[in-house]
Structures are given as C-alpha cells and as structure tokens.
Amino acid sequence: MPGRGDVHVVRDGDGDELASDKDTPDDEAADRVKAVLFEHIQESDAVPRLVAAGRPGMAAQDMVRACHDKVAGLCGTPGMAHGVLATGIMHYMLTRMLVKSQRSIRHGGEDLDIVMPDAKTLAEDPSRALVICVPKTADAPAIRGALRGARRAQPEPGNVWLVLSEEAAKGGPYGAKSFVMTGDGGSFARIFADIQEFLDRTSTEGAGSKRLRILGGA
C-alpha cells in the first residue's frame, strides 16, 4: 500500500500509464474514469482485434460505447468525465498505432493536450504539426480560452482540432474542426481517419509510408 504522498501508478500491459493515485478530488475522480477504461481494455477481445486489423475508429467506438455511461457520474465538473475518457482513448490509440506524439506539454507559454508529431516540428514547421485540444470541462468560455492559447502556439488555425464531450459541444460552435464524443461514439470515432489523412499528407516520408500503414481507415 502506498503511503500518504506516494503515487501509485496503474499501467496497461505494455507499461503505459492509465491511472494513478493523486491527492486532489479532481485527480481521484479522473483516475476512476481511467480505471473504467483500463478495465474494459483489459477484458475486451474486440479492442486489440480491431486495432490489429487497422480499424482504430471502430476500436475507439467500442471503448466509448462500453465506458461512456459508466463514467458519466464519476466527476463533479460537467464535461470532465467524458473529457478524461476521450483523453485516455486518444493516448491509448496513438500509442497502439505507433503515432508519434507529445502529450500534456507546455509550448510557447501555452499548455497543450496533444501535439503531433512533436514540439520541435511545431516550432520549426507548424504546417506539419497538429495540436489537439481535449477540454476537461463543458464551460464554453474556458474552452474558447484553451483554443485561443492553442492557436497562439500553433499559428496554422486549421491545424488545431477540438475533441469535445456532448455537454461541451452544446456551447459551440467554436470555430475549429471538432469531434464530439456521444454515447454511441459520435464523430469522435472519425478522428483517427482524419489523423491518418493529416499525417499522410504532411509526412516527410511521403503518403502511404510504411510508418503510417498501421493506421487503417476505419
């Protein structure tokens, strides 16, 4: 048992962190959401099979359908539970698809959720970098503030995307390419095909490169 102040990290089978014991109520609530997702991934036959078959969108849809309603009441802040769930699915899928990314970084004085491929590319050639914001809130002003910050770090406005919970989407439109996670998956499941298209188009290795073939089109 970890003592007070210790951090107990929960990892999946490949050692990637999915949850950990923190001290704040928000972190503890987020960990409960991650634990629901982790349990489904561990018990699912469909998720690894769909990922291996190059159908990441269907794998994401399976995870959303299994976990969306289970996590709905786990966080007190509106939009937080589904924002955490979306983030967990994004991290899991990007890792499994071998897509290079940096997560939860500070760049140009701004906090960014996901950057592909990395901050170095974002600094040197923004046209080849993708920034994805995954708000952990349904508060429209806060989401717009995060979007403004992301656009200060990424001067190519079309290369900043939003992943929103159904609650958060009600405060839009936000003037950015958006993917909404609903109970049946929603448009969120399509983000992986769009990531593939972006990486194929901007990769210095060229479209259809071996590095990207695992992504599939589902």
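Predicted model: local features only at pLDDT ≥ 70, side-chain atom pairs only at ≥ 80, totals over all residues.
Residues are numbered from 1 along each chain as its sequence is written, and side-chain values use heavy atoms, with hydrogens and water left out.

Back to our serine. Ser127 sits in the loop between helix H5 (119-124) and strand S5 (130-133). Helices (H or I, at least four residues) and strands (E, at least two) are DSSP runs, numbered from the N terminus. Which residues does Ser127 touch, leaving aside those up to four places away in sequence? They are Glu156, Asn159, Phe198 and Thr202, where contact means heavy atoms within 4.5 Å. Ser127 and Pro157 are 30 residues apart along the chain, with 9.7 Å between their C-alpha atoms.

Is Ser44 buried or exposed? Ser44 is buried, with a relative accessible area of 11%, and its place is in the loop between helix H1 (25-43) and helix H2 (46-52). Its side chain reaches the backbone nitrogen of Val47 at 3.0 Å, and a polar atom of that side chain lies 3.1 Å from the backbone nitrogen of Ala46.

On to the helix pairs. The axes of helix H3 (residues 56-71) and H4 come within 10 Å and cross at roughly 150 degrees. These axes are lines fitted to C-alpha atoms, for helices over the stretch in contact, and angles run from 0 to 180 degrees between N-to-C directions. H3 is therefore roughly antiparallel to H4. What classes of residue make up the contact of H3 with H4? The residues divide into 12 nonpolar, two polar and no charged. Among those meeting there are Met63 and His68 in H3, and His82 and Tyr92 in H4.

H4 (residues 80-96) also meets helix H8 (residues 191-202): their axes come within 12 Å and cross at roughly 45 degrees. H4 and H8 are therefore oblique to each other. The contact is made by Ile89, Met90, Met93 and Leu94 of H4, and by Ile191, Phe192 and Ile195 of H8. By class, that is seven nonpolar, no polar and no charged residues.

Staying in H8, Leu199 lies in this helix and counts as buried, at 7% relative accessibility. The C-alpha atoms of Leu199 and Leu130 are 8.9 Å apart, although 69 residues separate them along the chain.

Finally, the whole chain. The protein has eight helices and seven strands, and 50% of its 218 residues count as buried. Among contacts between residues at least 6 apart in sequence, 53% join residues at least 24 apart.

Methods
Parallel < 35°, antiparallel > 145°, perpendicular 65-115°, else oblique. Nonpolar A, V, L, I, M, F, W, Y, C, P; charged D, E, K, R; others polar. Buried < 20%, exposed > 50% of the residue type's maximum accessible area, 1.4 Å probe, protein only. Polar contact = N/O pair within 3.5 Å; in protein donor to acceptor, adjacent residues only side chain to side chain.
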